[in-house]
Structure formats: structure tokens, C-alpha cells
Amino acid sequence: MDRNTALAEFLRSRRARITPRQAGLPDDGGSRRVPGLRREEIAQLAGVSVDYYVRLERGRRLNVSETVLDAISRALRLDPVERTHLFQLAKPAASRPRRAATRPQPVRPGLRDLLRILDHTPALVLGRRLDVLASNRMARALLTDFDALPHRERNLVRFMFRDETARSLYAHWDTHARDIVASLRRDAGRHPHDPLLAELVGELSIQDEDFRRWWAGQDVHRHTHGSKHFHHPIVGPLTLNYESLTLPADPDQRLSVYTAEAGTGSEEALALLDAWTRRPEPAQPEPTR
């Protein structure tokens, strides 16, 4: 999780995706040996010297100013999430870096009460590294019973790449899994000294080719809202909208709630899942005397 290396790789990956036409530069007829723009073209667009930009792209932060980072962000056509990620990599906090705690993040009792009140729709609290800190009955029925797993395994990224049921549960697994990796990359920029995050990335990079390729792509993403398509083994296909709300008291925790559009088959499927999870347990036979 070295910031210098992360900065260099991020800048190179963003430069490689921009074509001369997108940047308003003359096209040289496809004679480029590498994809995207050259370093000197980014330097020109940002209004900095070529030598300065080359050193920055080699991971030398050079005490870069916010004005220069803004100019480079515009030259690289970064979106707001990518821009924030660049600033976190290039301008780390001045204080001595602290290693993130390895204990599970605590969840306030009020949040657990909120999950209980949201009884008819899936809801869960996510923390750093996309750890699943708490989930309600419907979230466990929709995804998996995270409460039954060891604390180390209660993680949305591990579920996505290590649990075979996830690949059949998500109708567009590739899209959702790639977004999950991009969200984890954003966490890495915010918490570069987190040993559990480094362990998670190392483990999945070795074990899963898709994760390794997408992690190397340097994409960053912040989940705020959207929709996901599921093919649930009990209730069949359903499309759910989600809202992910960062908690004011702890910016490293967010509440994710899934809902179905009124009057749709997905609403019926969600109600069926609700009823299925409430079914009474079968009576146990009396022991034979």
C-alpha cells in the first residue's frame, strides 16, 4: 500500500485511457506505441513542466500544490471521486500515519435498532474494507448469513469473489464485482496503512484472476445509489434499488438499504422472501423411548 507506487500507477492508468481526440489534441494517425496520451501532453494540458510531471508520475510527490493537482485532474479528465483519490495519494495527512485497528468496528446500538425496524427490506452496515458490520434478517436472506461466519469472513469483497453462490446470485456479476474492487481501491487511498486491507488485497490477488486484473486497473468508485439485479435461488429474479448513506458520526461506516419499486414483480418477490424467512421451523419429532 505504498503511496508513491499507488500514485505512480494511478496517474499512468488515467493517462492511458485518454485519446488525443478526447483531449482536443491532433491525432497522429495511430503511430503511438502506448495507449493514451504522452507525459509531455499531460504536462502541456496541465501547464506544468514535463520534468515536473514525469517526477510526479514516478511517485515523487514533490510537495505538490492543490492548484497543480487541480490542473492535473482536469488534464486527466478525472471525475470527483477520482480527483479526491488523487489528492489523498499526493497530499497525505501531515501527521504520522497510524496503523488501522484490526478489531471489528463497533456499531452503535441505535444503528442495530434501525436495522431491526427496517424489517421488511434488506439493510446492512458496511465499514472499512467493505466489512459487513451488521445486517438484518432480510439482508441475510438476500445475500448470505454473515452473522454465521467468522469475523474475518464477514466482508462483501470476500463474499463476492470467494463464495460461489455470489456468481449465480448477481445477474450481472462482472459489473458488480468490478465496482466492488473500485470501491475497495478508494478505501486503500483513504487508509493506506491498514494491514487487514493489505492482507485482503494480497489474498484475492493470488486467488482470483478477475480481482487481480481489476485491481491493477486502478479504477476508484464510491457507491451512493443505483440498482442491482439478482437471481435468488428461492424467489427468482428481482431488481432492487439501493441507497448507501455515509453515517455522520463515523465516515468509515455507511448504511445500505435495498428497496423494490412499487407495483413490480420485484416487490412481490421481496415480499415472498420476507414471508419465506418468517416461516416456522418444522416441529422436531419426540425422541424414541
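**Reading a strand residue and its sheet**

Reply: Let us begin with Gly226, which lies in strand β3. Helices (H or I, at least four residues) and strands (E, at least two) are DSSP runs, numbered from the N terminus. The model is predicted, so local features need pLDDT of at least 70 and side-chain atom pairs count only at pLDDT 80 or more, while totals for chains, interfaces and linings use all residues. Residues are numbered from 1 along each chain as its sequence is written, and side-chain values use heavy atoms, with hydrogens and water left out.

Me: Is Gly226 buried or exposed, or in between?

Reply: Buried means under 20% relative accessible area, exposed over 50%, and partly exposed in between (1.4 Å probe, protein chains only). Gly226 has 25% relative accessibility and therefore counts as partly exposed.

Me: Which residues does Gly226 touch, leaving aside those up to four places away in sequence?

Reply: Contact means heavy atoms within 4.5 Å. Under that exclusion, Gly226 touches Leu240, Asn241 and Tyr242. Its C-alpha atom is separated by 7.0 Å from that of Glu243, 17 residues apart along the chain.

Me: How is the pairing of β3 with β4 read?

Reply: Two strands pair if DSSP finds at least two bridges between them. β3 and β4 (residues 236-247) pair in the antiparallel sense over eight bridges. For His229, the bridge partner in β4 is Thr239.

Me: In what order do the strands of the sheet run?

Reply: The sheet is open, with five strands in the order β2-β1-β5-β4-β3 and antiparallel pairing. Its edge strands, each pairing on one side only, are β2 (132-135) and β3 (225-232). Axes are lines fitted to C-alpha atoms, for helices over the stretch in contact, and angles run from 0 to 180 degrees between N-to-C directions. On average, neighbouring strands of this sheet are turned by 25° against each other, direction ignored.

Me: Which helix packs on the sheet?

Reply: Helix α7 (residues 109-117) does, touching β1 (123-126), β2, β4 and β5 (250-259). The direction of α7 makes about 50° with that of β2.
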